[in-house]
Amino acid sequence: MEISALQAVQQRVHRAMVAAGTQVRLLAVSKRQPDSAVRDLVAQGHRTFGENYVQALVARREAFQPFPLEWHLIGALQSNKCRLAAMHADWVQSIDRLDIVAQLARLRGVDRPRLNVLVEVNIDAECSKTGCAVAKLDELCAAVAAEPRLHLRGFMAIPHAHVELEARRASFARMRDLFDKARHDFDDFDTLSMGMSDDFELAIAEGATMVRVGTALFGARPE
Ligand SMILES: *Cc1c(COP(=O)(O)O)cnc(C)c1O
């Protein structure tokens with residue numbers, strides 16, 4: 001019997017995580033895909049989705065209301081979008097500076113659970129990229145942990161997309177080291193989000209606990 005793309009990815013994640021001796025969550029990155037593609041995964045039992053723009057996340061959440069899906073913001077967050085993100089996201093994976101920490105904390109409603117937060121690390125120190133510099137991580141994590149409305153859960157990273165997969169291994173491994181160190185300092189610091197369609201097995205082998213997969217689940221993104 002033919003298996004679905006979701007089942008195929010789930011099997012690959014499962015094999016990689018058994019080999020690594022870890023637990024890994026699959027985040028389905030639905031950016032730019034039609035609602036029908038999301039509905040298809042929901043019908044197969046998948047519940048956890050990521051969008052890279054706040055407005056897209058809000059629209060998607062409304063389209064599937066009141067169905068209880070978990071929405072992760074994975075793209076860069078502008079200050080003027082913090083209110084919407086604080087209202088509608090379940091997780092924000094792209095925290096990279098102090099001013100958005102303070103705003104999200106202030107704007108997260110007291111009627112909502114704490115907002116789950118990952119600090120995004122610019123692990124390959126690329127000027128072109130978002131993410132917090134490694135030297136500033138301690139300060140940023142401490143600021144998040146001090147906010148009662150935020151729940152610091154771990155790190156996210158997008159390593160430099162070396163064509164050779166093996167060249168990404170060192171970046172994943174450095175993330176793992178940073179993650180293991182930070183786990184000693186914070187409660188519930190249990191999530192290392194790294195690995196995408198073309199490298200999630202490598203990321204899992206190097207310690208990822210959440211992989212963010214788009215293309216391998218949905219096919220190529222429409223323009
Ligand atoms: C688009 C995106 C992904 C998924 O990429 P694929 O290669 O399609 O799996 C993962 N993480 C982030 C931050 C993204 O923007």
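Tutor: Let's start at A125, in the loop between strand 5 (115-121) and helix 6 (137-145); helices (H or I, at least four residues) and strands (E, at least two) are DSSP runs numbered from the N terminus. This is a predicted model, where local features need pLDDT of at least 70, side-chain atom pairs count only at pLDDT 80 or more, and totals for chains, interfaces and linings use all residues. Residues are numbered from 1 along each chain as its sequence is written, and side-chain values use heavy atoms, leaving out hydrogens and water.

A125 is not a glycine, yet its phi is positive, about 50°. Another loop, between helix 3 (54-64) and strand 3 (70-73), holds P66. The peptide bond from Q65 to P66 is cis, with omega near -5°. Most peptide bonds are trans, and most residues other than glycine have a negative phi.

Now to the ligand, which sits in the largest pocket. A pocket is an open set of points on a 1 Å grid over the protein atoms alone, where a 1.4 Å probe fits, with protein on both sides within 12 Å along at least five of seven lines; lining residues have an atom within 4 Å of a point. The pocket's volume, the space filled by probe spheres set on the points, is about 300 Å³. It has 18 lining residues, with K31, I74, I158, M196 and R212 closest to its centre.

Surrounding the ligand (a heavy atom within 4 Å) are residues including V29, K31, V213 and G214. By class, this shell has five nonpolar, three polar and three charged residues.

Look at the polar contacts too (N or O atoms within 3.5 Å). Ligand oxygen atoms lie 2.5 Å from a polar side-chain atom of S197, 2.5 Å from one of T215 and 2.8 Å from one of R221. The protein covers 88% of the 390 Å² of accessible area that the ligand has on its own, by the Shrake-Rupley method with a 1.4 Å probe.

Methods
Polar contact = N/O pair within 3.5 Å; in protein donor to acceptor, adjacent residues only side chain to side chain. Sits in = over half its atoms within 2 Å of the grid points. Nonpolar A, V, L, I, M, F, W, Y, C, P; charged D, E, K, R; others polar.
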